[in-house]
Amino acid sequence: MADKRIALFPGSFDPFTKGHQDIVLRANSLFDEVIVAVGHNSKKQRYFEIDLMIDKINETFADHPKIRVITYNELTASLAKKYKAGYLLRGLRNTTDFEYENSIAQVNRYLNESLETVFLITSPEFAHISSTIIREVHKYDGDVSPFVPYEI
Ligand code: ADP
């Protein structure tokens, strides 16, 4: 059998949003396995606890056996090697995302030549959703349920 096509979707996911869910579900039909990798960095304070977010993402994809969730604290290029992922998955909402993602993709190519970055353009109904805004809404007791695929 040919090598499995494994896509790694790294991010802060603080929190994981319906925009992220859309990217993962679309990738699920393109790849043999999709690994959602939640970054944690002891120096960077998170708003939502990492363990809570892992639980919520697992719950979101409970019916999808090809989707896995892990945490990481290392270079994504090395993480991809460790998990034998040939593809790095990222989502694009706008030109600001593009500028940022373009430079990361160049560095990742330099660090791991066999890793191909694959971009999916956001679905229009999720283009406005950002983790930063959800954190603000949540902080001031607003209802974030329209933006996340789970109860929080
Ligand atoms: P990071 O801190 O690595 O940028 P994020 O959790 O903010 O992590 O985002 C992870 C990936 O998801 C990035 O590629 C980002 O552009 C993409 N993304 C974020 N929000 C959306 C959305 N609403 N629709 C599609 N992609 C998105």
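Read along the sequence, the chain of this predicted model follows the pattern β-α-β-α-β-α-β-α-β-α. It contains five helices and five strands. The radius of gyration is 15 Å, close to the 15 Å that the globule rule gives for 152 residues, so the chain is as compact as a globular protein of that length.

**Overall dimensions and contacts**

- The C-alpha trace of the chain spans about 50 × 35 × 35 Å along its principal axes.
- The accessible surface of the chain amounts to about 9,000 Å². Carbon and sulfur atoms account for 51% of this surface.
- Of the 152 residues, 43% count as buried.
- Among contacts between residues at least 6 apart in sequence, 77% join residues at least 24 apart.

**The sheet**

- The five strands form an open sheet with the order β3-β2-β1-β4-β5, and their pairing is parallel.
- The edge strands are β3, residues 67–72, and β5, residues 116–121, and each of them pairs on one side only.
- On average, neighbouring strands of this sheet are turned by 30 degrees against each other, with direction ignored.
- Strands of a sheet pair through backbone hydrogen bonds, either parallel or antiparallel.
- Strand β1, residues 6–11, runs parallel to β2 and is joined to it by six bridges. Within this pairing, A7 has V34 of β2 as its bridge partner.
- Strand β4, residues 87–92, pairs with β5 in the parallel sense, again over six bridges. Here the bridge partner of L89 is V118 in β5.

**Helix α4 against the sheet**

- Helix α4, residues 95–111, packs on the sheet and touches both β4 and β5. The direction of helix α4 makes about 170 degrees with that of β4.
- N108 is a residue of helix α4. Is N108 buried or exposed? With a relative accessibility of 6%, N108 counts as buried, because the cut-off for a buried residue is under 20%.
- Leaving aside residues up to four places away in sequence, N108 touches T76, A77 and L88.

**Strand β2**

- Strand β2, residues 33–39, is mostly covered: seven of its seven residues are buried.
- In a regular strand the side chains alternate between the two faces of the sheet.
- In β2, E33, I35, A37 and G39 point one way, while V34, V36 and V38 point the other way. The residues of both groups are buried.

**Salt bridges**

- How many salt bridges does the structure hold? The structure holds nine salt bridges, including the ones described below.
- E101 and R90 meet through their side chains in a salt bridge, with an N to O distance of 2.8 Å. This pair links distant parts of the chain, since E101 lies in helix α4 and R90 in strand β4, 11 residues apart.
- Both partners of that pair are covered: E101 is buried at 6% relative accessibility, and R90 is buried with a relative accessible area of 18%.
- K82 forms a salt bridge with E74, and the closest N and O atoms are 3.0 Å apart. K82 counts as exposed at 54% relative accessibility, whereas E74 is partly exposed with a relative accessible area of 31%.
- E116 forms a salt bridge with R109, the closest N and O atoms being 3.7 Å apart. In this pair E116 is partly exposed, with a relative accessible area of 41%, and R109 is partly exposed as well, with 45%.
- Salt bridges that share partners also join K4, E33 and R68 into one network.

Technical notes
Residues numbered from 1 in each chain as written. Predicted model: local features only at pLDDT ≥ 70, side-chain atom pairs only at ≥ 80, totals over all residues. Heavy atoms only, no water. Pairing = 2+ DSSP bridges. Helix = DSSP H or I, 4+ residues; strand = E, 2+ residues; numbered from the N terminus. Axes fitted to C-alpha atoms, helices over the stretch in contact; angles between N-to-C directions. Contact = heavy atoms within 4.5 Å. Salt bridge = Lys/Arg side-chain N within 4 Å of Asp/Glu carboxyl O. Buried < 20%, exposed > 50% of the residue type's maximum accessible area, 1.4 Å probe, protein only. Rg over C-alpha atoms; globule rule 2.2 N^0.38 Å. Areas by Shrake-Rupley, 256 points an atom, 1.4 Å probe, with all protein chains shown as cover.
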